[in-house]
Amino acid sequence: MKKEKQEIFFVCKECGYESLKWLGKCPECGSWNSFKEFNPNLKKNKITDFTSEVKKLNEISYNDKENRIITGISEFDRIMGGGVVFGSVVLVGGEPGVGKSTLMLQIAEKIASTKNVAAENYKVLYVSAEESLQQIKLRSERLNIKNNNIFVISETSLENIVKVIEEIFPDVVIIDSIQTINSDFISNPQGSVAQIRGITAEVIKLAKTKNITVFILGHITKEGDIAGPKLLEHMVDTVLYFESDTTQNYRILRVYKNRFGSTSEIGIFQMNYNGLKEVANPSEFFIQHSENLVGTVTTCIVEGTRPILTQIQALLTKSYFPQPRRVVSGIDYNRAMLLISVLEKYTGVSLVYEDVYLNIVSGLKTKETTIDLAVVLALYSSHKNIIVDSKCVYLGEIGLNGEIRAISFINERINEIYKLGYKKVFIPYENKKNINSNILEQKNLDLIFIKTIKEIDKIF
Ligand code: TYD
Ligand code: MG
């Protein structure tokens, strides 16, 4: 007898890993009890029709500029790779309350005020499956949105949403949020893996066949039964995550995937009483204390293509534990431990009786090794209780022999540093040959080249 093909499989709701068997622990992301049953047979019918067109590659014309909508929110356009691509599907994930709906309503307004090639305003449809029309109106008043090209529906049924789309034929559709949409054709429970995937697949088909740009909003839940946006990452063109630092009122929009641009860009916004405001000069924003402080060192990281000045802070205190504490935030923990060892070995200081707290200010996160020199200086400064010149910027990766190694984007970083009025920069000696002559000729910019951390005393 022919063995029946297995149709049911299991999907990890945290990372989307698929398995034929139920597993207690996900081999991909390590989550426990995260597997949910997925039965593709339950999806009996199709909502949209799809006919494929075959073309030779060189017959397809594509003009990147013409195929994008520039919203005018430059933080957003930049991270999208220069505007929103027509017909693309963008997933906007984030924890509840971070400001996804606010951001999208503001973007909706900007898009609806932009004109297409036929000089008509773009039509935007905002589908809210979470809030009533009155609630959306209230928010739009708070955001001072007066545009009358934004269509709004408060609807949770995919079939009804598709009907509205076919009726008004918008250029852009915003779905807020994917977890609260349901469909009669997909009989899995609302919020389940199968439901969310099935609905997203239909939405993508709709977007691609009708050349509609779709933003799908999704809540990230640390725990709980609702499948997260992670499951959808591979299906969509662009994945954005909106993150917040709970202690501050700023938000970072991070690109995790982009079929039409770079993934290392971030956009920085500030949440005000009347909506999100772009932070155009993040360096000025992140450096709020310019006085000389013990354990605080200024450095420059590059996010995507943009240099951002920031500060590393270290606090070293006498330890009361048998094993001193090492608390690191915003910086890679293992990298920090490596730098502590390098500092101990090559400068003769010992941190063995001290607790170490290391932090990058304002809740930024970086994996860049350019901050190594600043980290080591912050540790040294706190250990010795001596101040570091806050008018000076320190750049350099540190190797295991204490050598200061060359860094990337050296000219871009120095230009940003100079633009913000800093006059003194410590730079790896190895980078000397890469520095543009116009920077070297700047009379009021003091570039100091260093070779090794053994010269640490000379820095102070
Ligand atoms: P919201 O966009 O509803 O978040 P999400 O859609 O990600 O769940 O934003 C919610 C928070 O933002 C809410 O706590 C109130 C705050 N907020 C402001 O501070 N200013 C504003 O102008 C708006 C609209 C919201
Ligand atoms: Mg919302």
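Colleague: Rings to start. How many aromatic pairs does the count come to?

Modeller: Six aromatic pairs. The rule takes rings of Phe, Tyr and Trp (its six-membered ring) with centres within 6.5 Å; planes under 30 degrees apart are stacked, over 60 edge-to-face, and the rest tilted. Phe86 and Tyr122 make a tilted pair, with 5.8 Å centre to centre and 55 degrees between the planes.

Colleague: Where in the chain do Phe86 and Tyr122 sit?

Modeller: In distant parts of it, 36 residues apart. Phe86 is in the loop between strand E5 (84-85) and strand E6 (89-94). Tyr122 is in the loop between H2 and strand E7 (124-128). Helices (H or I, at least four residues) and strands (E, at least two) are DSSP runs, numbered from the N terminus.

Colleague: Before we go on, what am I looking at, and how is it numbered?

Modeller: It is a predicted model: local features need pLDDT of at least 70, side-chain atom pairs count only at pLDDT 80 or more, and totals for chains, interfaces and linings use all residues. Residues are numbered from 1 along each chain as its sequence is written, chains are lettered from A and ligands numbered from 1 in the order in which they are written, and side-chain values use heavy atoms, with hydrogens and water left out.

Colleague: Fine. Why does Tyr122 count as buried?

Modeller: Because its relative accessibility is 7%. Buried means under 20% relative accessible area, exposed over 50%, and partly exposed in between (1.4 Å probe, protein chains only). There is a stacked pair too: Tyr394 and Phe426, 5.0 Å centre to centre and 20 degrees between the planes. That pair also links distant parts of the chain, with Tyr394 in strand E19 (residues 392-394) and Phe426 in strand E22 (residues 424-428), 32 residues apart.

Colleague: Are Tyr394 and Phe426 buried or exposed?

Modeller: Tyr394 is buried, and Phe426 is as well.

Colleague: What lies over the face of Tyr429?

Modeller: Lys451, at 4.4 Å from the ring centre. A charge sits over a ring if NZ of Lys or CZ of Arg is within 6 Å of the ring centre and within 35 degrees of the ring normal.

Colleague: Switching to the ligand. Which residues come nearest to ligand 1?

Modeller: Ser101, Thr102, Arg139, Asn272 and Gly275, out of 16 residues around ligand 1. A residue is near if one of its heavy atoms lies within 4 Å.

Colleague: And which elements supply at least two residues of that shell?

Modeller: Helix H2 (100-112), helix H3 (133-142) and strand E13 (266-272). H2 gives the largest share, three residues.

Colleague: What classes of residue are in the shell?

Modeller: Five nonpolar, seven polar and four charged. Here Ala, Val, Leu, Ile, Met, Phe, Trp, Tyr, Cys and Pro count as nonpolar, Asp, Glu, Lys and Arg as charged, and the others, Gly among them, as polar.

Colleague: How far is the polar side-chain atom of Arg139 from an oxygen atom of ligand 1?

Modeller: 2.6 Å. Ser101 has a side-chain N or O atom 2.7 Å from an oxygen atom of the ligand. Arg142 places a polar side-chain atom 3.2 Å from a ligand nitrogen atom. The protein covers 76% of the 560 Å² of accessible area that ligand 1 has on its own.

Colleague: Backbone next. Which residues does the cis peptide bond with omega of about -5 degrees join?

Modeller: Asp176 and Ser177. Ser177 is in the loop between strand E9 (172-176) and helix H5 (193-210). Most peptide bonds are trans, and most residues other than glycine have a negative phi.

Colleague: Which residues of helix H9 (residues 410-419) are buried?

Modeller: Ile410, Asn411, Arg413, Ile414, Glu416 and Ile417. Just after H9, Gly421 takes a positive phi of about 90 degrees.

Colleague: Last one. How many helices and strands does the protein have?

Modeller: Eleven helices and 23 strands. Buried residues make up 50% of the 460 residues. The C-alpha trace spans about 70 × 60 × 50 Å along its principal axes.

Note on methods:
Polar contact = N/O pair within 3.5 Å; in protein donor to acceptor, adjacent residues only side chain to side chain. Areas by Shrake-Rupley, 256 points an atom, 1.4 Å probe, with all protein chains shown as cover.
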